[in-house]
Amino acid sequence: MVVAVACGPAHQDAGKPSTGPSSRTATPSPGPARTSTSPQASANGRAGAACGTEQLRWKLTRLSAPSPKEPTALLSATNTGTRPCAFDGYPYVEVFLGKGPAVEAKPKTTTPVRLLLNHGRMVEVPLFYPAASLRDGYCAIPVDEDPRITVQPPHPARTDYGTLVQMTDARGRQARATVCDTIHMGSPRLRPTG
């Protein structure tokens, strides 16, 4: 499960119960980050069906981001299944507190993404967001709370409700995610082998 706290004017409804289809107790709604594929990318990933939660092992690592141009966290997924799968677009990521405030990640670009994820291969998605309160001290999810994080692969099956992800630091120790303002996702990329 990915946990984060979001702050900023983009989250004026923070604290109000969500009335949308994303009922945090069961099914994350499909994120707006789904993209179409380019002909070249499709040819490279044609062999695999869409990646599903049952074959992906998700991990969320907090990084030390010295500047806003560098990612604050890295979301990764490893194909633990026996067959290749297509990671076609952007994952759906939501950080939330029960039925209260929530923040969904949004892609930084609309560039089509289609990656073939063979067994054992990993896809990485950099996440960019301020990890401290904004100048006015406001955060949509209070900094002293420990929010939950849910992740769902791009184009999930109807019965694929995603999974909860716990944030860790670079040494693998559990870390509380503090996310102030909008979370932006960089383009998913295959992690180099070797």
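In which sense do strand 1 and strand 4 pair, and over how many bridges? Keep this question in mind as you go through the views of this predicted model.

**View 1. Strand 1 meets strand 4.** Here is the answer: the two strands run in the parallel sense, and two bridges link strand 1 with strand 4. Look for Ala-50, which stands opposite Ala-86 of strand 4. In general, the strands of a sheet pair through backbone hydrogen bonds, in either a parallel or an antiparallel way.

**View 2. Inside the largest nonpolar core.** This core holds 32 residues, and those touching the most other members are Trp-58, Leu-60, Leu-75, Leu-127 and Ile-183. Several strands give two or more residues to the core, including strand 2 (56–62), strand 3 (73–79) and strand 9 (122–128). You will also find strand 4 (85–87) and strand 8 (115–117) among these contributors.

**View 3. Stepping back to the chain.** Of its 194 residues, 47% are buried. Now think about who touches whom: taking contacts between residues at least 6 apart in sequence, 82% join residues at least 24 apart.

Definitions and conventions. Residues are numbered from 1 along each chain as its sequence is written. This is a predicted model: local features need pLDDT of at least 70, side-chain atom pairs count only at pLDDT 80 or more; totals for chains, interfaces and linings use all residues. Side-chain values use heavy atoms; hydrogens and water are left out. A nonpolar core is a set of buried Ala, Val, Leu, Ile, Met, Phe, Trp, Tyr and Cys residues joined through side-chain atoms within 4.5 Å. Buried means under 20% relative accessible area, exposed over 50%, partly exposed in between (1.4 Å probe, protein chains only). Helices (H or I, at least four residues) and strands (E, at least two) are DSSP runs, numbered from the N terminus. Contact means heavy atoms within 4.5 Å. Two strands pair if DSSP finds at least two bridges between them.
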